[in-house]
Every structure is written in C-alpha cells, then in structure tokens.
Amino acid sequence: MSEFLEKLHVQSNKVLFIELAGLLHDIGKLSKVFLEYRQKWQDLSNGYDIDPHEKNYLDNHEVFANLIPSGFENHKIPANIDLGELNFSIKKAVDFHIKPGEELILKMLKAADSLDSAIDRNNPLWSAEQKGKIFRSNVFGYEGNRIVTVESQEEARQELYTFLRGLLPDYFERFNCEARKEILKGIKKAFEQGLADTTRPQNDTTLWEHSYAVASILKVIVVHYILCGEKLDTREKVEFGIFGIGWDGMRFLSHGQKIGDIVGRKRIIKDVKKNLKVLIEYEYPIGNEIYSDDDGIYFIVPPELDKYKEINGLG
C-alpha cells in the first residue's frame, strides 16, 4: 500500500467521526423552538443574535435531553490526529459551529457551513421570512400544501435520537461501513423533514441537503489538512475538486439481448458505483458522492488531488 493510501486508511476513523459531527451540527434546526424563533426574529432588535439552534441547544433547549445519545458528548476525537482539538465532540459541533474560537476543527466546520450557506442562499440574508405557517418549496418555488409543522420536527428529532442511541455505540467502536450507511440513511430521513433556512426563496433547501453538503466539505478540508498540512479554515480559503469516474453506460446496456441481460447489466453498474462509494467515502475517505447516473459517479474531493503522492493508486 502506498504511503498516501496508508495515511488515509490509518486516519479514516477520525475523518468519519468528524464527518458525522458535520452532519449533526444543525440538529437544533429540527425543532419547535427553532421554527418559532424564525417566525419572529426579524421583528426583534437582537433577533439575529438569539438563534436557539446555536446557543447551547442541547443544554438549554432540548426537550428530549434524556434521549440524546451519550456519544454526542462522551466520544472525543482520538489524540493521534493533530487538528488542534483533542476534546472535539458532536456536542461541540452543535454548540460552537457559529463561534468556534481558535479550535481548528470547529473553524473548519464554520468555514464549510458558511460556504454552503452562502451557495444555498445566493441571496441577501435578510430575505422574506415566513411569519405564519412555514412552507417548504421545491426547486421551482412551488409550495402547495408542503407545510412544515412543529409537531413533525419534534417527532423526527425524537425518533432520530432513539435510532442513533441504538447504532452509535457500535459505530464508534469499529466505524463499520454498513453502520455508517444506516446512520446516514436515518439522519437523511429525519432531516428531510426540516429546513436549512425558512426565508423565501431559500426554503427549497432541506436540512438534509445543507447538512450533507457541510459534512462533505468539512470532510474534504480535514483530509486536505491531514495530507498536506494546509489549513482551509475560513470560507474564503475553502477549495475542493470534483473526482469523476465515467463509462458509456448506455452502450453497455444496449448490448443486452434480453430483459434479463439488461437487468443484469444495470445491476453491474449499480455494484460498481456501490464499490466505488465504499472505496472513496469509507476505506480511503477523501470525499463524498455528489452525483451519479448510468454513465458515472462523481465525488467532492480535496483540491488538486494530483499533487498528493501516488494518488493514482486509487484507480
């Protein structure tokens, strides 16, 4: 195994833990207290400064405190990775992702969060807030009857805590690939019911879409630091690349003579993509999938991959 791949493999558990913290940093947005705050914050003189999801949410606002997995606070980043913070935890990611102080992982999290928030909004921050019922729109601005209720947020968060309490202890012990897959699926199910931003027109971005993007960017800049020591710890510094692996899927499928042949070839394409995801997201975790179809799969990865030694060992 090359030195480059060995370094990634040795540090993989730390990267995967930081990825999970990035996914959960905004869990306070999946709550009644957050929606109620958003309905009135623009009318308050200090409204921007009292967002409950960033003000020690788990200690001060969580009504399901008895359900919070102990691993949120008790599991810490291992000491053999030099990221300037030996006590980094999921709880710290929730509490300090807006005001990280001088702790490097938290600064990287804020950089990733700020970048994706700016891209998602593409609009002034003080947009039209929904002060009555809160709707979720689709990418075309259609809201219909897609109402986000406080009850749905509380139920989704409660179920997520219960779900994570069952999986996190084993995951933190071994960082199993299948467990990671199940955890991401569970977080996605819950966070798809929430919003990253309630103002129009930003209410087309689900909490899952934002959180997955933040976790993926954070993963990339942490890996970049591990491999070359460069700190991408502000929004302006953040860089990333796209690593794509492609093939002529339609041509491959067209060679099927019978329905069973075509179905089998579709399964081969699916298996190839699955194995590539395991390799790039888990075994040597340099990034996360951002798009795939029958002709290929694409990942967000650190910038300028070719400058890392023996990167071609991946392919």
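1. Let's start with Asp170, which is found in helix H7. Helices here are DSSP runs of H or I with at least four residues, strands are runs of E with at least two, and both are numbered from the N terminus. Asp170 is partly exposed, because its relative accessible area is 34%. Buried means under 20% relative accessible area, exposed means over 50%, and partly exposed is in between (1.4 Å probe, protein chains only). The C-alpha atoms of Asp170 and Ile262 are separated by 39 Å, and the two residues are 92 residues apart along the chain.

2. A word on what you are looking at. This is a predicted model, in which local features need pLDDT of at least 70 and side-chain atom pairs count only at pLDDT 80 or more, while totals for chains, interfaces and linings use all residues. Residues are numbered from 1 along each chain as its sequence is written, and side-chain values use heavy atoms, with hydrogens and water left out.

3. Now compare another pair of residues. Gly71 and Leu164 are 93 residues apart in sequence, and their C-alpha atoms are 9.4 Å apart in space. Gly71 lies in helix H4 and is buried, with a relative accessible area of 11%.

4. Next, the aromatic rings. How many aromatic pairs does the structure hold? There are ten aromatic pairs. In one of them, the ring centres of Phe72 and Tyr161 are 6.1 Å apart and the planes stand at 70 degrees, so this pair is edge-to-face. Rings of Phe, Tyr and Trp (its six-membered ring) pair if their centres lie within 6.5 Å; planes under 30 degrees apart count as stacked, over 60 as edge-to-face and the rest as tilted. The pair links distant parts of the chain, since Phe72 is in helix H4 (residues 71–74) and Tyr161 is in helix H7 (residues 150–174), 89 residues apart. Both Phe72 and Tyr161 are buried.

5. Rings can also join into groups. Phe17, Phe88, Tyr171, Phe172 and Phe175 form a cluster linked by ring pairs. Phe175 lies in the loop between H7 and H8 and is buried, with a relative accessible area of 4%. Its phi is near 50 degrees, a positive value in a residue other than glycine.

6. Please look at how H1 meets H7. Helix H1 (residues 3–24) packs with H7 at an angle of about 170 degrees, and their axes are 13 Å apart. That makes H1 roughly antiparallel to H7. Axes are lines fitted to C-alpha atoms, for helices over the stretch in contact, and angles run from 0 to 180 degrees between N-to-C directions. Angles under 35 degrees count as roughly parallel, over 145 as roughly antiparallel, 65 to 115 as roughly perpendicular and the rest as oblique. On the H1 side are Leu16, Phe17, Leu20 and Leu24, which meet Leu160, Leu164, Leu168, Tyr171 and Phe172 in H7. Sorted by class, this contact of H1 with H7 has nine nonpolar, no polar and no charged residues. Here Ala, Val, Leu, Ile, Met, Phe, Trp, Tyr, Cys and Pro count as nonpolar, Asp, Glu, Lys and Arg as charged, and the others, Gly among them, as polar.

7. H1 has another partner. Are H1 and H8 roughly parallel or roughly antiparallel? The axes of H1 and H8 cross at roughly 10 degrees and come within 11 Å, and the two helices are therefore roughly parallel to each other. H1 brings Leu16, Glu19, Leu20, Leu23 and Leu24 to the contact, and H8 brings Arg180, Ile183, Leu184, Ile187 and Phe191. Contact means heavy atoms within 4.5 Å. The residues of the contact of H1 with H8 divide into eight nonpolar, no polar and two charged.

8. The loop between H8 and H9 deserves a look too. Pro201 has its place in the loop between helix H8 (177–191) and helix H9 (207–228), and the peptide bond from Arg200 to Pro201 is cis, with omega near 5 degrees. Thr206 is found in the loop between H8 and H9 and is buried, with a relative accessible area of 11%. Leaving aside neighbours within four places in sequence, Thr206 is in contact with residues including Arg136, Phe191 and Glu192.

9. Finally, Ser216 is found in helix H9. Ser216 counts as buried, at 3% relative accessibility. Apart from neighbours within four places in sequence, Ser216 is in contact with Asn288 and Ile300.
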